[in-house]
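Please look through the following briefing with the sequence and the model side by side. It is meant to be read slowly, one topic at a time.

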Amino acid sequence: MALNTLVVDDSSVMRSIIIKTLRLAGLSLGDVLEAGNGQEGLKLLEDNWVDLALVDIHMPVMDGEEMINRLRKNKEYHDLPVIIVSSESDSARIEMLQKKGATFMHKPFTPETLREAIIEATGVSHEDQG
Amino acid sequence: MKTRVEKALKTAGMKAFEETCYLYPVPELKEVQEMLPMEAAVEVKYRGDFTGRILIEARGGLSQAIAVNMLSSQDPSEEQKMDALGEIANIICGNVIPALGGISQGYRIEAPRCIPLNEVQNNLLGEPLVSMVLNLNQGRADLKFYVDGYYPAPEKNT
């Protein structure tokens, strides 16, 4: 099964790194969508089917925490697997996000780390058949 | 204290360069590398139990190499080069501060900021607590760690 993935980060460079690492992780990827903040990410979810979201915490307009709060209240996307990709190391904040059902991945990360985080978040290995 | 910061800065710096842009340390700094002019500088300010900033100075084509490797683009713009260097600074800062234990009440990292070269060259940022050179296979990074005021967790003599 190919994973349709949404990458939400205000840094276009960071989005590029995440997408590059996704492609190196050996998983079967479908469409990869990009958004510069939580609000843009939610808008993309209205029009596209997404299996996984990789979300930064600190972003202008709408941060990652608020985006997750709104996702969890959404009928269609309340159980969307979310991986937080951040430099955050505040354990209380990380724990609070994990309680909201997000998997946490600290920067920097390797394709192997990302792969493990995706398997943990989705419960499926999504092996690349190609 | 200085030793702890040096160790944390070196570990975080090497990990960030290796895992994020596939740049690896080269042990020996050749004479020509010692004289490399600074091409860009980026700082990230942190606030927590203590406050300050981490500065990265790029030399010898490093900012180009970082952007090329991060973006998989052979011709990154100046803006992309600065953004890529800023991301590296952000990642290093996000790994150094927790390693020093200065987060009992949480901490905040500000967005990376490009620093005009004359500010660095004229030493307008003050004296860093720690300064080190990471010699990489494509360029050189000078990492500087500044603490505003004092450092509240002095090293214990054991």
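This is a predicted model: local features need pLDDT of at least 70, side-chain atom pairs count only at pLDDT 80 or more; totals for chains, interfaces and linings use all residues.

**Overall build of chain A**

- Along its principal axes, the C-alpha trace of chain A spans about 35 × 30 × 25 Å.
- Of the 130 residues in chain A, 42% count as buried.
- If we take the contacts in chain A between residues at least 6 apart in sequence, 64% of them join residues at least 24 apart.

**The sheet of chain A**

- The 5 strands form an open sheet with parallel pairing, and their order in chain A is β2-β1-β3-β4-β5.
- The edge strands are β2 (29-35) and β5 (102-106) of chain A, each of which pairs on one side only, and the twist from one strand to the next averages 20°.
- Strand β1 (residues 3-8) of chain A runs parallel to β2(A) and is joined to it by 5 bridges; Val7(A) stands opposite Glu34(A), a residue in β2(A).

**Helices on the sheet**

- Helix α4(A) lies across β4 (82-86) and β5 of chain A, and runs at about 145° to β5(A).
- Helix α5 (residues 111-122) of chain A also packs on the sheet, where it touches β3 (52-55), β4 and β5 of chain A, and its direction makes about 170° with that of β5(A).

**Where chain A meets chain B**

- In the contact between the two chains, 16 residues of chain A are in contact with 19 residues of chain B.
- On the side of chain A that touches chain B, the elements giving two or more residues are α1 (12-24) and α4 (91-99) of chain A, and the largest share, 6 residues, comes from α1(A).
- Sorted by class, that side of chain A has 6 nonpolar, 6 polar and 4 charged residues.

**A covered helix in chain B**

- Helix α3 (residues 62-71) of chain B is mostly covered, with 9 of its 10 residues buried; among them are Leu62(B), Ile66(B), Val68(B) and Leu71(B).
- Ser72(B), which follows α3(B), has a positive phi, near 55°.

How values were computed: Residues are numbered from 1 along each chain as its sequence is written. Chains are lettered from A and ligands numbered from 1 in the order in which they are written. A residue is buried if 20 or more other C-beta atoms lie within 10 Å of its own, exposed if 12 or fewer, and partly exposed in between; C-beta atoms are placed from the backbone. Helices (H or I, at least four residues) and strands (E, at least two) are DSSP runs, numbered from the N terminus. Two residues are in contact if their C-beta atoms, placed from the backbone, lie within 7 Å. Ala, Val, Leu, Ile, Met, Phe, Trp, Tyr, Cys and Pro count as nonpolar, Asp, Glu, Lys and Arg as charged, and the others, Gly among them, as polar. Two strands pair if DSSP finds at least two bridges between them. Axes are lines fitted to C-alpha atoms, for helices over the stretch in contact, and angles run from 0 to 180 degrees between N-to-C directions.
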